[in-house]
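Please look over the structure shown here before reading on. The report takes it part by part.

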Amino acid sequence: MYVIPLLGIPPQVLFGQLLLGLINGAFYAMLSLGLAVIFGLLNIINFAHGALYMMGAFGAWLMLEYLGIGYWPALILSPILVGAFGVLLEKAFLHRIYKLDHLYGLLLTFGLALIIEGLFRNYYGVSGQAYDAVPDMLKGGYNLGFMFQAFGINVPRMITLTYGFGVALAAMAGVLAAPIYHVSPLMGSDIIIVVFAVVVIGGMGSIVGAVVSGFGLGLIEGMTKVFYPEASNTVIFVVMAIVLLVKPAGLFGKSA
Amino acid sequence: MRLQGISALLAATALASGLTMSAAMADTIKLGVLDDMSGVYTDLSGPGAVDAVKMAVEDAGGSINGNKIEVVSADHQNKPDVGTGIARQWYDQDHVDAIFDVANSGVALAVQEVAREKHKIVMFSGPGSSDITNSKCSPVGVHWTYDTYGLAKGTGGAITKSGGDSWFFITADYAFGQALERDTAAVVTADGGKVLGEVRAPLSTPDFSSFLLQAQASKAKVIGLANAGGDTVTSIKQAAEFGIVSGGQKLAGLLVFLSDINSLGLKTAQGLQLTESFYWDQNDETRAFSKRFFERNKKEPTMVQAGDYGAVKHYLEAVKAVGSTDPDKVMAAMRAAPINDFMTKNGKLREDGKVVRDMYLFEVKKPEESKGPWDYYKLVRSIPAAEVTRPVEESACPLLKKG
């Protein structure tokens, strides 16, 4: 059977690549969602997000390695544990700095990210770990079921919980990533810069923006990998520059 | 773009300024280990490389003719500008006599130029680009452990000859990956194979699935991975998930280190053929060294770390023989003496800086063949030095022509 090549490549390859773009987009969306929620309510630019994502993946690996806990329980347990860690971080550090300039939050969370990443690197090296507990039914497929509701409740306790929830989202993305990518202490810093670009493009604090631009940029990056792979790690920043020039508050952001 | 980049830079600056103060002591022989301490190549060189250098210094008695031997180290962060900055500071202000390792070909080629300009010795163990001793060769640069020419001949040649005659490359988009792809493509074509295409992936790509699908669609019999470290690990792992190997295509890891196999696990890595110049479990001598290394570092040494030991040993013996750290005298002595240690047998340092040595083609064991942790390779064949060294007549290095 002869198929007409579309844009110079066969359609089945193109659609395969589009699907991959959506998968990566889902990770971007999930991580940037957590970031957007945290920024929207707490006004904190959470640079530790990548490290917490990495902790989620390592949580799943550690549970498998030492406790024999499989993928599905880990998908619940690891985010809960890392989320609880997030609550501790908020209680211990972050709640002291809400009234200060954004820069303080950025520096604090950046420092936390370096400490967390450094600890994992020290104990597990940079090459990473193999996570073998992939359920057969999950190979190649991901189920992202989210409910968006009532994020606007402004009670003080909600703040802590919001941070915990945003962090748990990062950890959940980490567990989802564990069987697909390699579980390595560097995995967080590899992805966090991109995710920040996604959040900026979507509009800081905009939940819809985070999701839409996450998927959109996943697709754009996927296509770049086919047509000009050398630029695949920069294309998102090119898009970011263009969006910021045209619409400084981001695609879905409210101008300040 | 790494987060730790900033902190590492601060640490390097702090380290460097600390060194300046202690540098004034005259009669110390100072060795600098410049490698990747925090990025994708940390496990294959990193702190283990520094310790291998220290082991060689300890074995030399810690001093030569009453002159103390000192070891300093720094993180080049896989950035040529950071690497050359440290190299300049070491050579100019800190009185470092020779620099070792320099994992990452991009950094290595830049440091090669600094060493040439300052006329100081640099001995590469970590980087792979064969350009280091070809068009970019230097009278004071030594390429000790392996190069892309040898890898291409070893792994590329073996696979092409056993029927893998059409190739698609997934290449790390910088000096090393491009050199490895070029050298391997030459071997494939020379042995009657065809190259169907290639894709250039940026260094430290977290997701190779797109590139793997392109490789799959090319219908090539062999997918050549012209990358290293974390990139190789990710591509092999994801290739297993996409069922590329079970679908009939063969993966050729053109540069795979022991640390990569340890991270992948035998279930994923089994059957992979690879070329190295050292494996810890080759004979009593390699086992003896590796046992010592293991006790100190809690892991078996890679060929890069073992090579660092050998390079420092050979350097210090030359310094002792000529009673000086003068680069020209030491280079001449290193060229004159045959290289013999636990890893290298009858090696020779050629005029272009290449260490002429045997390499080994290994195959990764199946999980049931392995007796335990780190029991990963079985020897397929020893490859004589002549097969894995660029012949003098094919070399573009002017240093080989003048004699």
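The text below covers the chain contact, a sheet and a helix pair.

This is a predicted model: local features need pLDDT of at least 70, side-chain atom pairs count only at pLDDT 80 or more, and totals for chains, interfaces and linings use all residues. Residues are numbered from 1 along each chain as its sequence is written, and chains are lettered from A and ligands numbered from 1 in the order in which they are written.

**Chain contact.** Chain A gives 32 residues and chain B gives 37 residues. Residues are in contact if their C-beta atoms, placed from the backbone, lie within 7 Å. The helices of chain A below each supply at least two residues of its side that touches chain B. Helices (H or I, at least four residues) and strands (E, at least two) are DSSP runs, numbered from the N terminus.

| Helix of chain A | Residues |
|---|---|
| H1 | 11–42 |
| H4 | 102–124 |
| H6 | 187–202 |
| H7 | 207–227 |

**Sheet of chain B.** Six strands form an open, mixed sheet in the order S2-S3-S1-S4-S5-S6. Strands pair if DSSP finds at least two bridges between them. S2 (63–64) and S6 (141–143) of chain B each have a single partner strand, so one side of each is left without a neighbour in the sheet. S1 (residues 29–35) and S4 (residues 98–101) of chain B run parallel, joined by 4 bridges. Val33(B) stands opposite Phe100(B) in S4(B).

**Helix pair.** H4 (residues 105–118) and H6 (residues 175–190) of chain B pack at about 100°, with axes 7 Å apart. Axes are lines fitted to C-alpha atoms, for helices over the stretch in contact, and angles run from 0 to 180 degrees between N-to-C directions. H4(B) and H6(B) are therefore roughly perpendicular (65 to 115 degrees). Ser105(B), Gly106(B) and Leu109(B) of H4(B) meet Ala175(B), Phe176(B) and Ala179(B) of H6(B).

Definitions and conventions. Contact = placed C-beta atoms within 7 Å. Parallel < 35°, antiparallel > 145°, perpendicular 65-115°, else oblique.
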